[in-house]
Amino acid sequence: MLSGVCIGTNDLVAAGTFYDKVMATLGMERTVNKPNEIGYAASDGKTTFFVLTPYNEKAANVGNGTQVMFYAEGEAGVKAFHAMVLECGGTDDGAPGPRSYHPGYYGAYARDLDGNKLHVAIDLG
């Protein structure tokens with residue numbers, strides 16, 4: 001069972017400002033606030049998404065093929081997440097919409113301030 005996902009940042013203060021707003025579109029809020037780490041939880045209170053400055057004190061970097069995936073409530077939730085990423089300084093990596101590779105799929109792709117790839121979609125159950 002997966003307990004959470006952790007990504008790196010080179011500026012925790014900026015990442016916190018970014019993710020406080022972006023994660024709120026999914027109903028998640030910050031629950032961990034340490035000098036080198038922040039974490040977010042959904043309404044169940046379990047912190048499952050973490051952003052930190054690497055413990056080895058080397059620069060954080062992104063992985064090719066790596067993405068963090070989230071579910072949103074309907075198409076409006078996907079659009080809200082994607083729009084907030086862009087409003088907060090992130091970049092578009094695939095606008096909200098259906099994709100031919102998955103019947104019934106509706107989602108979007110974006111990148112955070114450090115270039116980490118974020119993927120948001122509706123839950124097809």
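Helices (H or I, at least four residues) and strands (E, at least two) are DSSP runs, numbered from the N terminus. Helix α2 is one such run, and H82 lies in it. The model described here is predicted: local features need pLDDT of at least 70, side-chain atom pairs count only at pLDDT 80 or more, and totals for chains, interfaces and linings use all residues. Residues are numbered from 1 along each chain as its sequence is written, and side-chain values use heavy atoms, with hydrogens and water left out.

Two strands pair if DSSP finds at least two bridges between them. Strands β3 and β4 run antiparallel and are joined by five bridges. Within this pair, E37 has L52 in β4 as its bridge partner.

Five bridges link β6 and β7 in the antiparallel sense. G97 stands opposite G107 in β7.

Buried means under 20% relative accessible area, exposed over 50%, and partly exposed in between (1.4 Å probe, protein chains only). Leaving aside neighbours within four places in sequence, H82 is in contact with D92, G94, A95, P96, A108, Y109 and A110. Contact means heavy atoms within 4.5 Å.

The nonpolar core was examined next. A nonpolar core is a set of buried Ala, Val, Leu, Ile, Met, Phe, Trp, Tyr and Cys residues joined through side-chain atoms within 4.5 Å. The largest one has 27 residues, of which Y19, M23, F49 and F70 touch the most other members. Two or more residues each come from α1 (12–24), β3 (37–41), β4 (47–52), β5 (68–72), α2 (74–87), β7 (106–111) and β8 (117–122). Helix α1 gives the largest share, six residues. F49 has contacts with V5, I7, Y19, M23, M28, I38, G39, Y40, V68 and F70, leaving aside its neighbours within four places in sequence. In soluble globular proteins, nonpolar side chains tend to be buried together.

The charged pairs follow. The structure holds three salt bridges. A salt bridge is a side-chain nitrogen of Lys or Arg within 4 Å of a carboxyl oxygen of Asp or Glu. In one of them, the side chains of R30 and D20 meet (3.0 Å, N to O). This pair links distant parts of the chain: R30 is in strand β2 (residues 29–34) and D20 in helix α1, 10 residues apart. R30 is partly exposed at 30% relative accessibility, and D20 is partly exposed with a relative accessible area of 33%.

D93 meets R111 in a salt bridge (3.3 Å, N to O). D93 lies in strand β6 and R111 in strand β7, so the pair ties together parts that are 18 residues apart in sequence. D93 also meets K117 (3.7 Å, N to O). K117 lies in strand β8, so this pair ties together parts that are 24 residues apart in sequence. Shared partners join D93, R111 and K117 into one network. D93 is partly exposed at 32%, R111 at 26% and K117 at 22%.

The structure holds zero disulfides. A disulfide is a pair of cysteine sulfur atoms within 2.5 Å. C6 is partly exposed, with a relative accessible area of 45%, whereas C88 counts as buried at 18% relative accessibility.
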